[in-house]
Amino acid sequence: MQTYLLSQQFNTRSLAENSTVCPANATICNGTSCVLLEDNFNETLSVVLSTVLTILLALVMFSMGCNVELQKFWAHIKRPWGIFVGFLCQFGIMPLTAFLLSLAFNVLPIQAVVVLIMGCCPGGTASNVIAYWVEGDMDLSISMTTCSTLFAMGMMPLCLFIYTKMWTDSNAIVLPYDSIGISLVSLVIPVSFGMYVNHKWPTKAKVILKVGSIVGAVLIVLIAVVGGILYKGSWVITPKLWIIGTIFPAAGYTLGFILARLAGLPWHRCRTVSLETGMQNTQLCSTIVQLSFTPEQLELMFTFPLIYSIFQLLFALLILLGYRVYRRHRVKTKTDVEKTEEKEDAKSVSSHAKINGGFISNETK
């Protein structure tokens with residue numbers, strides 16, 4: 001087990017009075033120095049959370065697949081205009097936004113790199129859950145997540161090569177292709193099973209979908225809360241990264257929606273593209289950061305993926321709340337208009353009947 005030497009001056013009198021001056025986890029304490037075990041808590045926690053998250057998200061994606069129809073899904077693949085727009089947002093807008101934010105706030109080179117890594121990551125599976133709740137196009141959402149994860153194998157190295165030149169050598173960044181592959185498998189296989197269930201047992205698929213959508217929403221919030229509470233030193237970070245972590249997801253949602261609308265996509269697909277753009281695979285970003293940098297460097301920017309994850313969730317919840325309020329207002333307004341039109345029709349029929357001596361049916365009373 002690796003250890004490191006922590007030099008610490010001790011007062012002889014204090015040592016005599018208190019034998020517990022050395023840290024409790026010190027293996028050797030001799031005079032002026034202590035040997036401490038290396039703290040791997042964050043690394044261990046990350047592995048545990050990644051494993052649990054992968055399994056649970058696979059189950060959630062199975063339930064999301066129960067809302068996908070093979071014909072509609074295949075239609076997006078054969079005519080991939082929506083996927084192409086999402087591709088431009090994912091690997092065009094997001095890396096460029098990360099680059100501009102890093103320049104605007106003049107962050108340290110190592111901090112700029114982690115912002116760029118986040119911008120180059122593919123879309124996260126949490127976007128599929130939120131897309132369901134805002135009545136987006138689930139077939140497009142899942143096809144976009146799948147394709148962006150697949151394209152990330154080539155687009156992430158390319159984008160990092162282009163945008164990190166002024167700060168670091170892109171070869172110093174380790175891309176975990178195995179993690180990307182696992183993300184792809186944990187997405188494609190459960191969704192495929194869900195699509196099969198939807199095809200064979202549509203009634204049961206609806207029940208699974210409702211349960212899975214609720215579990216998925218709770219899971220997203222739970223992971224963000226647990227990560228924020230348990231990660232040691234998770235809030236020790238420069239204010240500039242806090243600000244970037246707040247602006248970045250909001251910019252992704254907004255620019256993704258605008259580009260989708262300019263591309264002529266209908267509103268429900270604009271919402272889908274917006275969510276797919278702003279919600280990144282933050283777990284993949286954390287993995288890349290841990291593989292690429294030393295513990296001393298991690299102290300400067302390790303928390304950024306967690307901060308981005310929290311704010312992307314908060315903004316997604318605001319989008320969901322805003323859409324639900326809009327839907328309720330729209331339905332209420334539409335109902336009032338229909339009632340007014342019915343009354344006007346009834347008056348018109350009644351007036352016509354009086355003039356012509358006809359009768360009034362029970363449907364118009």
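Colleague: Which residues does Ser 102 touch, not counting residues up to four places away in sequence?

Modeller: This is a predicted model, in which local features need pLDDT of at least 70 and side-chain atom pairs count only at pLDDT 80 or more, while totals for chains, interfaces and linings use all residues. Residues are numbered from 1 along each chain as its sequence is written, and side-chain values use heavy atoms, with hydrogens and water left out. Taking contact as heavy atoms within 4.5 Å, Ser 102 touches Val 107, Ala 112, Val 115 and Trp 167.

Colleague: Is Ser 102 buried or exposed?

Modeller: Ser 102 has its place in helix H4, residues 81–105, where helices are DSSP runs of H or I with at least four residues, numbered from the N terminus. Buried means under 20% relative accessible area, exposed over 50% and partly exposed in between, with a 1.4 Å probe and protein chains only. Because its relative accessibility is 1%, Ser 102 counts as buried.

Colleague: Which residue has its backbone oxygen 2.9 Å from a polar atom of the side chain of Ser 102?

Modeller: An α-helix has 3.6 residues a turn, so residues three or four places apart point the same way. The backbone oxygen at 2.9 Å from the side chain of Ser 102 belongs to Ala 98.

Notes
Helix = DSSP H or I, 4+ residues; strand = E, 2+ residues; numbered from the N terminus. Polar contact = N/O pair within 3.5 Å; in protein donor to acceptor, adjacent residues only side chain to side chain.
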